[in-house]
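Have the viewer open as you read.

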Amino acid sequence: MSLADGPSFSKRVRRVRSRLFEYASVALAFQALLVYLFLYVPIVVVIALSFNDSRHAVVWQGFTTEWYEALLAGETVARINPDAAFQSLLYSLEIAVVTVLVSAVFGTMLAFALDRYDFPGKGLFIGLVYMPIIIPSIVMGISLLLFFNIVGMSLGIQTAMIAHIAFGISFVAVVVAARLQSFDRTLEEAAMDLGANELETFRYVTFPVIKPGVVAGSLLAFAMSFDDFVVTFFVIGRENTLPIFFFSMVRQGISPGVNVIASLILIATLLLVGLAQWIEGPVW
Amino acid sequence: MNVTPSLFWLTVFFLIPLGVMFYYSFGERGAFGEVLLGAEHLGLQQYRLFVVPSDASVLQAIWWTIAWIVDGLVPIELGLAAGEPTPYVQLTIKSIAYGLLSTAVSLAIGYPTAYYIGHVAPSRYQSVLLVLVILPFWASYLVRVYAIQILLARNSILTNALGILPFYETGQSLMNTQFAVIVGLTYIWIPFMILPVYASIEQIDFTLQEAAMDLGADRFEAFRRVIFPLSMPGVIAGSILVFIPTTGAYVIPELLGGTRSQMIGNFIANQFGSAGNWPLGAAASFVLMGVMLAAIGIYQRYGDGDLA
């Protein structure tokens, strides 16, 4: 290709390029399909392997429900002790429920304050609210570990609750504040004009409008608490939550018992999300 | 409405612990792993240890670091500087590189998908396609990391299928490699790239693309000079949402990475665990926080400025 051919060459490039872009929508659909496969194949493989009739390999050797039956009957399957798993599940639920109850109330109050009042240093204050969401979990977990050490609190599920509430408040506040932004304040004024006191206004006007936000924020806080590994790992001492139990099992290697626990966690969380969507409409 | 309880909680159980950690980062490690915080021990020694090699000056350390990065980026051996930055700085740079790489991969494969959902797909399927992107985010984090581990393990369906590639030995494990870490990071965080990019693309007025083409642009140029710039807010938001958690990752390199693919999060955990040097771990934490703050600063300078 000599330099004199330059313009016609670039024209040819443009023509080829344009023709290629005619097929762009097909290519995009194919690419999107690959991304969906990337997202779902690993999950499907885990569930499939939990029915795999093999003690060690990740290779498919035939269908069996033997591992489920054994675990649900309370037998230890490949190092997985069902009692320990169940105990850690109970701790996880206990921590998540307390976290949601406290952070829903505190977080909603905080969201109102952020939405309604202006005060000096509000920018910094908003930064403080976002920080537990943004900073690396490992920094949050270890700094709390140091703090509990210094003040002499013994580690356990109560310290895990304290830590989870600290980030739960932020999640609830951010979601509720987003909801409040589109809230029509004249509704409250109308209620007050019609003789409602502040409590009644909140009970009958404000709360019903922001309720989806509170529910969504609480669900998010529940999910974050139930699923949290890193922060909990450092502040819970010798107790186990489900993620911590699962982590220590994964560390010991791939086994049918781990696959069963993984599948049960997956199915349970997805059912929970489905239920939430069904009750409240899309929440995220 | 009363902010006192939230403020109390966030101050006592978030801000003060961070302050304590910051204070510790100026301390010194005693002979038996205890932390010395007396006035005679307080100083910048941990940060100095972190950043400056023992036989170098600060200026040399900066130059060696720049040279090391340049050397890492170009394929040929340049031998620019006499020394190397400290292993800690190398680890920090490596973690940032992991974060940038998984952000880039997420963008490269997430952008077309977001474009497909937001503009190409029939509009009645859009919400379904979007829910399908979000759904994995709700499934347990650890289980999804475990799922990647299963796929990359020896003789899994993936590693066996890859055997058709000429340079790949059938059934060989992909675990405990940098590749595994990048795949894991991308897998977990790609929804955070797709969602904001989709939100941006969905708002674009596509008659602008037609206008550009009427004015003589071909499809590629119309995309490059009109559509892509208009989707930039989503790209920037998505990039920050992926970069921050991937750079501070702990679980994924721990489970997928093996000893040679550890990131700064694992280093911090080790200093508070087996290595037992709390002040150095605290200093490393604040180096990591500095990286995050810098990223957020860049975002606020060039992005929309609001994180949510």
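## The interface

Putting chain B and chain A together buries about 7500 Å², with 81% of that from carbon and sulfur atoms (buried area being the accessible area, 1.4 Å probe, that two parts lose on being put together, summed over both). The contact draws on 83 residues from chain B and 83 residues from chain A, where contact means heavy atoms within 4.5 Å.

A word on ground rules: this is a predicted model, so local features need pLDDT of at least 70 and side-chain atom pairs count only at pLDDT 80 or more, while totals for chains, interfaces and linings use all residues. Residues are numbered from 1 along each chain as its sequence is written, chains are lettered from A and ligands numbered from 1 in the order written, and side-chain values use heavy atoms, without hydrogens and water.

On the chain B side that touches chain A, helix H1 (residues 4–24) gives the most, with 15 residues; helices are DSSP runs of H or I, at least four residues, numbered from the N terminus. By class, that side of chain B has 64 nonpolar, twelve polar and seven charged residues (Ala, Val, Leu, Ile, Met, Phe, Trp, Tyr, Cys and Pro count as nonpolar, Asp, Glu, Lys and Arg as charged, the others, Gly among them, as polar).

## A helix pair in chain A

In H4(A) and H11(A), Ala84(A), Ala85(A), Ser88(A), Leu89(A) and Ser92(A) meet Leu242(A), Pro243(A) and Phe245(A). The residues of this contact split into six nonpolar, two polar and no charged.

Conventions: Helices (H or I, at least four residues) and strands (E, at least two) are DSSP runs, numbered from the N terminus.
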